[in-house]
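Trainee: I've got this model open and I'd like to zoom in on one spot. Could you walk me through it and what sits around it?

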Amino acid sequence: MEATVEIVVSRRENKGIIYTFRCRDTEVEILFLNHSIERAKKWQLSIEQIGECLLLPEEVLIGHFERYIAHKVIGKHLIRAVYEYVGNLPVLITVYFPYVERYFQGGSTYEDKIFE
């Protein structure tokens, strides 16, 4: 049975919104920068979908500037969520929704995991 991700609470910060997600009876905070929230709206992705991508990714790759890229396949597309850490807090930098074949490497590569 696949675990679900739900938003428990959110609070506004200067740089964005900190969402507290519940997944498998554990709560995890993630800061979504204002830019990432705007990008989510542009691609018509829900915060829950992005939270699931970050907490239950199909793969996580290393990106530029010590950032990570979480992938979650949805049909012919891929949620691609770029994040980094500030201290222990995961921070979503940006998100977009390209075609699977452009970036997906087949799954099972985990250079990082926000949620173990």
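Which side chain does Lys 72 meet in a salt bridge, and what are the N to O details?

Mentor: The partner is Glu 52, and the two side chains meet at 3.6 Å, N to O. This pair ties together distant parts of the chain, with Lys 72 in strand β5 (residues 68–74) and Glu 52 in helix α2, 20 residues apart. A salt bridge here means a side-chain nitrogen of Lys or Arg within 4 Å of a carboxyl oxygen of Asp or Glu. Helices (H or I, at least four residues) and strands (E, at least two) are DSSP runs, numbered from the N terminus.

Before going on, a word on the source: this is a predicted model, where local features need pLDDT of at least 70 and side-chain atom pairs count only at pLDDT 80 or more, while totals for chains, interfaces and linings use all residues. Residues are numbered from 1 along each chain as its sequence is written, and side-chain values use heavy atoms, with hydrogens and water left out.

Now, how hidden is the pair? Lys 72 has a relative accessible area of 11%, so it counts as buried, whereas Glu 52, at 26%, is partly exposed. The cut-offs are under 20% for buried and over 50% for exposed, with partly exposed in between (1.4 Å probe, protein chains only).

Next, follow β5 itself. It pairs with strand β6 (residues 77–86) in the antiparallel sense over seven bridges; two strands pair if DSSP finds at least two bridges between them. The two strands make a hairpin with two residues between them, and Gly 75 in that turn has a positive phi of about 65°. Beyond it, β6 pairs with β7, again antiparallel and over seven bridges. That hairpin has two residues between its strands as well, and Gly 87 takes a positive phi near 65°.

Glu 59 is buried yet has no salt bridge, the nearest side chain of opposite charge being Arg 80, 6.5 Å away. On the charge count, Lys and Arg are positive and Asp and Glu negative, while His and the chain ends are not counted.

Back to α2, the helix that holds Glu 52. It is among the elements that cover the buried residues of helix α1, along with β2, β3 and β7. Those buried residues are Ser 36, Ile 37 and Ala 40. Seen down the axis of α1, they fall within an arc of 100°, so they line one face. On the other side, Lys 41 and Lys 42 are exposed. Lys 41 has its own salt bridge, to Glu 38, with the closest N and O atoms 3.7 Å apart. These two are three residues apart in α1, so about one helical turn separates them. Lys 41 has 55% relative accessibility, which means it counts as exposed, while Glu 38, at 46%, is partly exposed.

Technical notes:
Arc of directions from axis to C-beta. Contact = heavy atoms within 4.5 Å.
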